[in-house]
Each structure stands twice: as C-alpha cells, then as structure tokens.
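This briefing covers sheet and helix packing in one structure. Please read it with the coordinates open.

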Amino acid sequence: MPLSHYLKIYPLTGQPEKRLLFSTRTGGLAMVSGEALAAIEDNSASPELTASLAKLSMVVDDPAREQKEMGGYLQKLNRLNPNLRVAVILGMACNFACVYCYEGSLKGTAAMSDATADQLAVFLLARFSAGKKKRLILDFYGGEPLLYVQRIIYLAERLKPAIEALGGIFEFTLVSNGSLLIPTVVEELVALGLQSVKVTIDGPAANHNHFRPFKDGRGSWSIIVENLLACRGLCLITLSGNYTAENHALFPALLDVLTERGFAPGDFASGQFYPVMQINDQFANPEFTGGCCSNDDPWVHAASLALREEIMQRGFTYPKLYPSPCMVDVDDAFTVDHDGTIYKCVALIGHRELACGDIWRGMGEDWRQAWCVNHWKNEAQCCDCVYLPLCFGGCRAMAFQRDGHMAQVDCQRSLFDATLEPMLLQDLKVRYG
Amino acid sequence: MDVEKNEEVVVLDCGKEPEEVAVEAACCVGRPSAASSGSIDR
C-alpha cells in the first residue's frame with residue numbers, strides 16, 4: 001500500500017535509523033525504522049507493518065482517492081456532528097480595558113434582553129430537535145460574561161431541563177477575565193451545566209496589568225490569581241494568555257509564579273498562549289499596533305514553539321495537534337450576538353455585512369457566500385496541500401483583519417513548515433518521554 | 001500515549017477519525033496549532 005498523501009516524515013536526531021511519521025489527516029503519530037519505511041515505499045513491507053500503518057491512515061489503498069475524499073471531509077464532519085455549539089454574546093459590558101481587545105469600541109452597555117433570551121431558548125431548542133442533536137454546548141462570551149450571571153442562570157434554567165427532556169445533554173463554558181470568578185458563583189453555575197472557564201493571564205503581574213487592567217486603571221492580576229486559587233477543583237479551568245513580539249519571553253515566568261502561589265499543573269485543564277491578533281477594523285483601538293496579523297512572521301514561529309516547550313516542560317497540559325475545523329465550516333456552530341443577530345465567528349460580531357441571520361428568522365440564504373465557505377476548494381495550493389486537514393483555509397478573522405476581506409485563504413503552510421517538526425520533537429521528548 | 005508496540009512500529013498516538021473530530025469541532029477556545037491563528041480573546 002502506498003503512503004498517505006497526508007503523511008509527514010521526519011528524521012530523528014540521534015537516532016538515524018528511525019523516522020517519525022505524522023498524519024495530518026488524523027493527528028496520528030508513530031515511529032518506524034528507515035528500513036521499514038523503505039519496505040513500505042517499495043511495497044515489500046510485512047503484512048503486520050502494513051496493517052498497523054493502515055490502521056493509522058498512514059498508508060492507504062489509493063492516495064488520489066484519499067485526496068478526493070478529503071474534499072468532502074468537512075461535509076462528513078457535519079453529518080457526524082452530534083453537537084449544537086453556540087457562542088453567546090451576553091452583552092458588551094466589561095470591567096477591564098484590555099488594550100488589544102478585538103471588541104474595541106463595540107463595548108458598552110448593550111446587553112441581551114429578556115425577550116431576546118426567551119427567543120434564543122426557543123430557537124436553540126427548535127434547532128436541537130430538528131437536527132436530532134445529542135449535546136447543546138453554549139460558550140458564553142461578553143464583554144465579561146460574569147457581569148451577566150443572572151442572564152446565564154436565566155438561560156440555563158430554561159435550556160437544561162428542556163434539553164434533558166429531549167434526552168440530550170446541556171453544558172456551557174465561560175470565556176472570562178477571571179476577576180469575578182468566585183466559588184459561590186462557580187458552584188451555582190456548575191449545578192446548571194458549567195463545564196469549564198477559560199481565563200486569560202498575560203504573564204507576570206506587571207505585564208498583565210499593563211495589557212489587561214480594570215477600566216479604572218487598577219491592576220487585575222492579583223485578583224484573578226486569588227480567584228483561581230479559590231476556585232481550583234470546582235470546574236475545569238483553561239489557562240490562556242496573549243503575547244506580543246515584545247513580551248512573549250516574560251510568559252514562562254507566569255507559570256513559575258503560579259507554582260510558587262500553590263498551583264499544580266493539574267489545576268488547569270490546559271495551558272496555551274497565543275499571539276495577540278492585530279485588529280484593524282472600525283472597532284479597533286487605534287493606539288494598539290503591537291498585534292500579529294500573519295502567521296508568516298518568523299518571530300511568531302519561534303515564540304510559539306518556545307512557549308509550547310516551556311508550558312509542557314513544567315507539566316502543564318498542552319492540547320495535542322489534531323484536525324480542528326473552524327466554526328465557519330461547522331453547520332451546527334455559530335455565534336449569537338446580544339441582539340439576536342447570528343454570525344459565524346465570535347471575533348467578527350458587529351460587522352453587519354457578515355450577519356448570517358437572526359434567532360427570529362434563522363440563518364439566511366447568503367451567509368456561505370459572505371463567509372467564503374469552501375474558498376480553499378478554489379485554490380490548487382490548498383487542494384494539494386499536505387496540511388489541508390489542519391487548516392482548511394486558515395482563520396477567516398485573521399484574513400479579514402489583515403486584508404479587509406476573507407476571500408483569500410489564510411495560508412498556514414509556512415507556519416506548519418516551520419513548526420510542525422519541532423512540535424513533534426517536543427512531544428517526543430516531553431509528552432512521550 | 002504509547003498504545004501499541006511491535007518490532008517495526010511504535011504507535012505514539014492513534015489520531016482521531018472524523019467521528020471523534022466532529023465531537024470536538026468548532027471550539028475556538030484553544031485551537032491546537034503552534035501559534036494558532038491569533039487569539040480569539042479580549
């Protein structure tokens with residue numbers, strides 16, 4: 001059997017007889033000898049080896065057919081998807097004044113009304129039933145979602161029993177700044193379906209307080225850390241942080257400070273830092289220009305790899321690399337803004353030309369065109385790309401902020417060319433010992 | 001983790017078939033590439 005089109009093969013330093021195999025189609029990872037690989041390539045491999053690699057989708061009957069089938073991969077995911085996953089923007093109020101916030105001037109007092117919340121529940125239940133879904137997952141955003149605890153409770157108290165009466169599971173997550181995350185609130189929300197909270201800390205206190213202060217200018221670092229200490233074990237907490245070209249080297253110190261303050265790596269479901277996205281739209285803070293608007297920047301490759309290793313070496317869980325389709329490509333995933341307008345990305349709310357419909361009338365007719373669904377199919381470079389299953393045209397939000405439109409793909413080839421092999425070697429060293 | 005060993009191949013991760021990918025799809029909270037594509041964060 002020939003090798004899969006979606007297979008990357010890397011040598012191993014210090015083990016010249018070994019090769020590392022990674023399937024971009026499944027995220028599968030294996031090690032074979034150079035001799036075994038040569039046998040596969042000249043079709044003389046043992047049936048056992050062939051069977052093992054076939055099970056991993058690393059060898060296939062027909063690579064051309066495999067490539068053709070990849071063209072329908074997202075449709076297949078949509079047929080198989082048991083979930084209805086919806087990001088809900090509860091309102092635009094926030095008690096922070098983060099300098100790089102993508103919501104920028106959209107922030108303010110606007111918030112979801114009772115009538116909109118009631119209709120949201122009706123809309124979600126109808127869509128859940130019609131799609132014969134098994135799980136409803138809401139990701140609550142703001143502003144700061146914990147400024148809207150009563151709205152979360154209002155929605156959860158309606159949706160949880162209704163979904164369970166349909167034989168389904170209801171759960172939700174929060175993307176919170178952490179300043180209002182206290183045990184009594186978490187315990188109340190856990191009883192209603194809260195699974196995890198993503199909290200952002202931008203490195204050590206001084207850096208974090210510069211980038212993520214309260215609206216009145218006070219630092220927020222200490223309050224967040226105290227809250228996380230108090231909430232350990234009550235629900236899953238995902239640690240996040242946003243870095244720039246100037247400050248990424250400070251971030252490992254955060255992990256050490258957290259350890260000194262009494263956290264164990266296992267207190268966090270995962271840890272991951274990201275480059276700040278440069279926002280260039282009409283809502284952006286014009287005073288902030290330190291963001292990243294391209295995966296091609298060498299500093300992003302180097303910084304992301306270095307931080308990944310620092311996180312993993314300290315025993316924190318770093319998510320593995322698997323195909324991970326974007327909300328735009330998933331039919332039963334979308335964002336509902338506080339006014340009931342539907343979008344296909346949390347980072348592009350407020351752009352009325354990208355509105356896909358609303359919770360009264362449902363999804364409109366033209367949204368696929370507006371969001372350039374399947375734009376990668378028009379690109380020969382994408383259709384032939386070994387990284388296609390990990391990318392599918394990249395991030396629409398980044399393309400939009402960089403180019404002013406999302407008609408062209410946000411190619412991640414240079415990112416993966418530069419980082420995939422070192423990432424796998426990190427995994428081999430740290431994750432697999 | 002190490003889920004399968006024989007003389008010729010060491011399987012470190014079996015990967016995910018579409019059925020498993022579908023269950024986890026559409027969560028922007030931590031897309032697991034090295035740099036991701038920037039942060040969907042505020």
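The model is predicted. In chain A, 10 strands form an open sheet with mixed pairing. The helix contacts described here are H5(A) with H6(A), H10(A) with H11(A), and H11(A) with H16(A).

**The sheet in chain A**

- The strand order is E9-E8-E7-E6-E5-E4-E10-E11-E12-E13.
- Strands E9 (270-275) and E13 (362-363) stand at the edges; each has a single partner strand, so one side of each lacks a neighbour in the sheet.
- Strand E7 (residues 194-200) pairs with strand E8 (residues 236-243) in the parallel sense, over 5 bridges. Within this pair, Ser196(A) is opposite Leu236(A).
- Strands of a sheet pair through backbone hydrogen bonds, in either a parallel or an antiparallel sense.

**Strand E10 and its two partners**

- Strand E4 (residues 83-89) of chain A pairs with E10(A) in the parallel sense over 4 bridges, and Ala87(A) has Thr335(A) as its bridge partner.
- Strand E11 (residues 341-343) of chain A pairs with E10(A) in the antiparallel sense over 2 bridges. Here Thr335(A) stands opposite Tyr343(A).
- E10(A) and E11(A) make a hairpin with 4 residues between them, and Gly340(A) in the turn has a positive phi of about 95°.

**Helices H5 and H6**

- Two packed helices are described by the angle between their axes and the distance between the axes.
- Helix H5 (residues 114-130) and helix H6 (residues 149-165) of chain A pack at about 25°, with axes 10 Å apart. This angle makes H5(A) roughly parallel to H6(A).
- The crossing of H5(A) and H6(A) is right-handed. The contact between H5(A) and H6(A) has 11 nonpolar, no polar and 4 charged residues.
- Residues of H5(A) in the contact include Leu120(A), Leu124(A) and Phe128(A), and those of H6(A) include Tyr154(A), Leu155(A) and Leu159(A).

- The axes of helix H10 (residues 251-260) and helix H11 (residues 298-313) of chain A come within 9 Å and cross at roughly 15°. H10(A) is therefore roughly parallel to H11(A).
- The crossing of H10(A) and H11(A) is right-handed.
- From H10(A), Phe251(A), Pro252(A) and Leu255(A) meet Leu307(A), Glu310(A) and Ile311(A) of H11(A). The contact residues divide into 5 nonpolar, no polar and 1 charged.
- The axes of H11(A) and helix H16 (residues 413-431) of chain A come within 10 Å and also cross at roughly 15°. H11(A) is therefore roughly parallel to H16(A).
- H11(A) passes H16(A) in a right-handed crossing. Among the residues in this contact are Leu305(A) and Arg308(A) of H11(A), and Ala418(A) and Met423(A) of H16(A).
- The contact of H11(A) with H16(A) divides into 7 nonpolar, 6 polar and 5 charged residues.

**Chain B**

- Chain B contains 1 helix and 2 strands, in the pattern β-β-α along the sequence.
- Of its 42 residues, 62% count as buried.

Key
Residues numbered from 1 in each chain as written. Chains lettered and ligands numbered in written order. Predicted model: local features only at pLDDT ≥ 70, side-chain atom pairs only at ≥ 80, totals over all residues. Heavy atoms only, no water. Axes fitted to C-alpha atoms, helices over the stretch in contact; angles between N-to-C directions. Parallel < 35°, antiparallel > 145°, perpendicular 65-115°, else oblique. Left-handed = near helix turned anticlockwise from the far one by under 90°. Contact = heavy atoms within 4.5 Å. Nonpolar A, V, L, I, M, F, W, Y, C, P; charged D, E, K, R; others polar. Pairing = 2+ DSSP bridges. Buried < 20%, exposed > 50% of the residue type's maximum accessible area, 1.4 Å probe, protein only.
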